[in-house]
Each structure stands twice: as C-alpha cells, then as structure tokens.
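Here is a short report on one protein model. Please keep the sequence and the 3D view open while reading.

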Amino acid sequence: MSKVHKEKRKTTRKYQTDFLLLGFIPSSADSKRPECVDCGLVMTNVSMKKSKLFAHQQLKHPASVGKERSYFRKKVELRQKNAPKTLEFCLKKANEHNNKTLKVSYAVSELVAKVGKPHTIAERLVKPAMLICAKELLGEQAANILQKIPLSNDTVKRRQIEMAENLEKQLVEKLKVSKFSLQIDETTINNSALLLTYVRYIDAMGIHEEMLFIKKLIDTRSDTIYAAVYDYLYDNGIPLSNLLQIATDGASAMTGKQNGFVAN
Ligand SMILES: [Zn+2]
C-alpha cells in the first residue's frame, strides 16, 4: 500500500496506466482524466487518487475487484464495440420520431382535402386546436411533440399536391392492366372550356369510379376532345385496347366521334 501511495504522489492529477486494474480508462473527453469503464463516471481532479478510484470500484463494481488486465481490456473492447451502436440507435430513434410527425402531417393534409377546406386551415385552426388540447389534457411535453408536426400552409399544400399526383399515378398503373370505361364531361367556366374525365374500372375489390384528369381545352370541338383524351392515354402509357367504352354527358360534340374513338 505504501508503494502505491508514493506512486500516487509522484504522478497526481493525471491518468496512469495501472488505473485500468481499478476499472478506469482515459476519458474520451479528456485523456488526463480517468473514466470508469463500467458506468462512464469521469473522475474530477480531486477524486483522481487511486484510493478514490478503488473505493468507486469496490462500491459500484465489486465483481471487478482484483481482476487481471485482460479482464478490463475485454470490457474496453466491448465498450468500443457498443459505442457506435448507441449512436446509431439514437439516430434511428430520431428518424422514427421524424417519421411519425411526417406521417401525421400527411394524414392531416389528406383530411383537410377530404373535407374540402382550404389548406390554410391546418396552420390556422387544426394545429392551434391540437396544441390547446394537448397542453390542457396531456401536458407540456405532449404539446411539444405535437408542435413538431409540420403543418404550415406551404407544407400542407405541397403534401396535397404530392398525394393527388400519387393517387393519379396509382390509378394510371391500374388502367394499364385493367379494362375501363370513360365518362367525359365538358364544361365552360369563365369562357374557358374544361374537359372532365372520369374513369370506371373493375378490379378484385369491385367497381371503382374516379376522376382521371381535368384539362383546359382551346375549344369544345370533338376533334379537340378526342385529341386530349388520346394524348392523356398515350402520354401515360395506357393501352387504348383497355378502353371499353366512352360515355358522354350530353356533350353533343362527342356523339359523332364516340364510335370512331372507341374503334381506334
Ligand atoms: Zn463505475
């Protein structure tokens, strides 16, 4: 013990290699300081004496008292192996959290579109209301989590466009492999001719009817309408052979062309 005491006085306030036998390695933050290999405790200048380190080992990690160097080396190795995993785990957790708020952001944007409200309602009403409820009923911490849900006007608008495009993409994929019929309506709004195209198709889930596309037309001549429909199907890679029938809603311009179009 006296030898130990001498040694300690000689090299005070600095990590010594034989600290390893007491379960201490140089700290990653400050290599002069010893850090407990088991619990990560970093000793202060004052508590850097061997007797203090030994006391810590005896009290906190009695199983490692008197063990050989190899025993502690293994622990160091294990610790190094686990260190990056911990970082990975943290990143994964953070991602999961982001994904969750992202998912909610999409769901709320979809809901706003479904009820036919302007996209700005999410920022002006939905989120503030959620925060009031959370603060009152669930606490500040819950409110802080909800606060992170991206629901700004721009975000909601972007999500809605993105989802609409995605829905159209899904629909187009279905029409590439299913027989379908089209319902075509033309309408004039503010002197602009609009072509509204609905599609009806059957898959394993039953009969579906959905809006396929809306297009602004230069006029409502049958050739123009024909070209618009043909272009859409062609541009999206939908085979004309899948088109069974075109129905028009009193659009006289189409009547003459209808048979010829389907025959194509
Ligand atoms: Zn410890």
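## Leu182 and the largest core

In this predicted model, Leu182 is in contact with Thr197, Tyr198, Val199, Val229, Leu243 and Ile246, leaving aside its neighbours within four places in sequence. Leu182 is also a member of the largest nonpolar core, which has 14 residues. Which members of this core touch the most others? They are Leu175, Phe180, Leu182, Ile184, Val199 and Val229.

Four elements each supply at least two residues of this core: α6, β3 (180-189), β4 (192-203) and α7 (222-235).

β3 and β4 pair in the antiparallel sense, over 10 bridges. One of these links Thr187 to its partner Leu194 in β4. The two strands form a hairpin with 2 residues between them. In that turn, Asn190 has a positive phi of about 50 degrees.

β4 also pairs with β5, again in the antiparallel sense, over 11 bridges. Here too the strands form a hairpin, with 2 residues between them. Thr197 has Phe213 as its bridge partner in β5. For Tyr198, the partner in β5 is Met211. Both Thr197 and Tyr198 are also among the contacts of Leu182.

## Glu209 on strand β5

Glu209 lies in β5, which covers residues 206-217. Is Glu209 buried or exposed? It counts as exposed, because it has 10 C-beta neighbours inside 10 Å, and the cut-off for exposed is 12 or fewer.

Not counting residues up to four places away in sequence, Glu209 touches Tyr198 and Arg200. Ser181 is 28 residues from Glu209 in sequence. In space, their C-alpha atoms are 9.5 Å apart.

Helix α6 runs over residues 153-177. Its 25 residues should span 36 Å at 1.5 Å a residue. The end C-alpha atoms are 37 Å apart, so the two values agree. The buried residues of α6 are Val156, Arg159, Leu171 and Leu175.

Ser152 sits in the loop between α5 (140-147) and α6. Ser152 counts as partly exposed because it has 14 C-beta neighbours inside 10 Å. Ser105 is 47 residues away along the chain, yet the C-alpha atoms of Ser152 and Ser105 are separated by 9.5 Å.

## The two faces of helix α2

Helix α2 spans residues 50-60. Its residues Lys50, Leu53, His56 and Gln57 are buried. Why do they lie on the same side of α2? They cover an arc of only 125 degrees around the axis, which puts them on the same side.

The face of α2 turned away from the buried side carries Gln58 and Leu59. Both of these residues are exposed.

## Overall make-up

The protein has 8 helices and 6 strands. From the N terminus on, the order is α-β-β-α-α-α-α-α-β-β-β-α-β-α. The chain counts 264 residues, and buried residues make up 16% of them.

How much of the contact list joins residues 24 or more positions apart? Such pairs account for 51% of the contacts with a separation of 6 or more.

## Confidence

The mean pLDDT of the protein is 81. A value of 70 or more is reached by 83% of the residues. Among the elements, helix α4 (residues 121-138) has the highest mean pLDDT, 94. Helix α8 (residues 252-263) has the lowest, 44.

Over residues 251-260 the pLDDT is below 50. This stretch still has 17 contacts in the model beyond near neighbours in sequence. Where pLDDT is low, the predicted coordinates should not be read in detail.

Key
Residues are numbered from 1 along each chain as its sequence is written. This is a predicted model: local features need pLDDT of at least 70, side-chain atom pairs count only at pLDDT 80 or more; totals for chains, interfaces and linings use all residues. A residue is buried if 20 or more other C-beta atoms lie within 10 Å of its own, exposed if 12 or fewer, and partly exposed in between; C-beta atoms are placed from the backbone. Two residues are in contact if their C-beta atoms, placed from the backbone, lie within 7 Å. The arc is that of the directions from the helix axis to the C-beta atoms. pLDDT is the predictor's confidence in each residue, from 0 to 100. The expected span of a helix is 1.5 Å times one less than its number of residues. A nonpolar core is a set of buried Ala, Val, Leu, Ile, Met, Phe, Trp, Tyr and Cys residues joined through C-beta atoms within 7 Å. Two strands pair if DSSP finds at least two bridges between them.
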